[in-house]
Amino acid sequence: MRTSTPNSSAASGRWRRIGASALGVTALVLAGLGTAAHASAAPTVTAGTSSAETAAAKVTWAATPCATPKHQGDLTCNSFRVTGGTTAFQKERAAETGKTAQVTPKAAAATPTGYGPSDLQNAYGLTDAASAGGSGETIAIVDAYDDPNAAADLAKYRSSYGLPACTVANGCFKKVSQSGSTTSLPTADSGWAEEESLDLDMASAVCPNCKILLVEATSSSMANLGKSVNEAVTLGAKFVSNSYGGSESSSDTSYDTSYFKHAGVAITVSAGDEGYGAEYPAASKYVTSVGGTALSTSSTSRGWTEKVWNTSSTEGTGSGCSAYDAKPTWQTDTGCAKRTISDVSAVADPATGVSVYDSYGVTTGWYTFGGTSASAPIIAAVYALAGTPGSADYPAAYPYAAAGTSALNDVTSGSNGSCSSSAAYLCTAKSGYDGPTGLGTPQGTEAFTG
């Protein structure tokens, strides 16, 4: 939980370098010894309501507990869990069945309340690729701490949606520590377990034939998460998803070299959930920075429509101009002399969120999640469907070769904050490249191959 509502100015990722006194208060709250106005307590105190949501039953949500750092210097996850209201998925089902349902605060649902595999595959033109592709590819998920129920929850998600089994026994799923151990794992953490369930389920939804490697860092420090990225690559993953971030620092360029400079590997990173403003490691020039959209069905030929996910000036998809990372050669926008966030995007609005099955530290059952923690593993899985990257390539460059083509859904509406009028595209969607949604969302796999 946060020690403020999701719309407050005390944003999770930018708490990476907060003072010890604030962390002390956070520790008391997490231990149950303090008080906090957090959304999971009751829907009436939840500040998160989406601009995409127009029905009477407003969707409410709360940041997952891993969005609050445990220690000074920690990075945080970029996810929200829906606590009440009627999601886009439920509204669409209500239109089909005539039966309206709502998410119940503080309790899991017996059936899914968010978008599932068929929805995501259809929305992004991936149905055929997901059916035929991905065999032999491994998607690595990097998160902090242990989820003891990861394998069981993943099995439930996949069996419920009719996806192929992905278990330790059949060699499809593997969980390791940052040193590669399958037995000496980090301390369990219920907040990060929610994040891990979200990431595993999204990789499964988009690439059901892929193998999955879960690498659990000892803590959410940059050093331990970075070592986990390196371990994932050492173990053979060519696609690595990272759904965490924090404020930029002058050390980021050294982190680039130490942890993210892996030619031939598609590394995706969520752009952040705090609206306009750069975040690391999304700002690394070696990764694909993934922004977030609100996804809804429409009467268009595509059948879906998207706009920038934004709740308020302090909540929505991240974007911006890095203060430290150099501009990669494939970026040509002129309003930012250094690295611009984002590259591409996918669904992230909790009101149009995705279905997740989770059982560790929460009521066992189905939840709906949002945040750019959802979009990062989705894009990693799209890369996996597209095939193994060239051994000398940095796959973040691939979508730029497809800019302006039908291989990407150009997102042209919405904003995630205020920025300079001379570089308004850094915070406002437009035709072509923009900060909040990058070059757009996938329409098939063509934009994600070399």
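The protein exposes about 14,900 Å², of which carbon and sulfur atoms supply 51%. The model is a predicted one, and of the 450 residues of the protein, 60% count as buried. The protein contains 10 helices and 20 strands, and among its contacts with a separation of 6 or more, 75% are accounted for by residues 24 or more positions apart.

**Helix 5**

- In helix 5, which covers residues 150-160, the buried residues are Ala-150, Asp-153, Leu-154, Tyr-157 and Arg-158. Viewed down the axis of helix 5, these buried residues fall within an arc of 130°, so they line one face of the helix.
- Just after helix 5, Gly-162 takes a positive phi of about 70°.

**Helix 7 and its packing with helix 8**

- The 13 residues of helix 7 should span 18 Å at 1.5 Å a residue, which agrees with the 18 Å that separates its end C-alpha atoms.
- Helix 7 (residues 222-234) packs with helix 8 (residues 252-260) at an angle of about 35°, and their axes lie 8 Å apart.
- On the helix 7 side, Met-222, Ala-223, Gly-226, Lys-227, Val-229 and Asn-230 meet Tyr-255, Ser-258, Tyr-259 and Phe-260 of helix 8; by class, this contact has 6 nonpolar, 3 polar and 1 charged residues.
- The buried residues in helix 7 are Met-222, Asn-224, Leu-225, Gly-226, Ser-228, Val-229, Glu-231 and Ala-232. Met-222, Gly-226 and Val-229 are therefore among the residues that are buried and also among those that meet helix 8, where "buried" means under 20% relative accessible area.
- Just after helix 7, Gly-236 takes a positive phi of about 105°.

**Helix 9**

- Helix 9 (residues 372-386) has 15 residues and reaches 21 Å from its first C-alpha to its last, which is close to the 21 Å expected at 1.5 Å a residue.
- Helix 9 is mostly covered, with 15 of its 15 residues buried.
- Just after helix 9, Gly-387 takes a positive phi of about 110°.

Methods: Residues numbered from 1 in each chain as written. Predicted model: local features only at pLDDT ≥ 70, side-chain atom pairs only at ≥ 80, totals over all residues. Heavy atoms only, no water. Helix = DSSP H or I, 4+ residues; strand = E, 2+ residues; numbered from the N terminus. Buried < 20%, exposed > 50% of the residue type's maximum accessible area, 1.4 Å probe, protein only. Contact = heavy atoms within 4.5 Å. Areas by Shrake-Rupley, 256 points an atom, 1.4 Å probe, with all protein chains shown as cover. Expected span 1.5 Å × (residues − 1). Arc of directions from axis to C-beta. Axes fitted to C-alpha atoms, helices over the stretch in contact; angles between N-to-C directions. Nonpolar A, V, L, I, M, F, W, Y, C, P; charged D, E, K, R; others polar.
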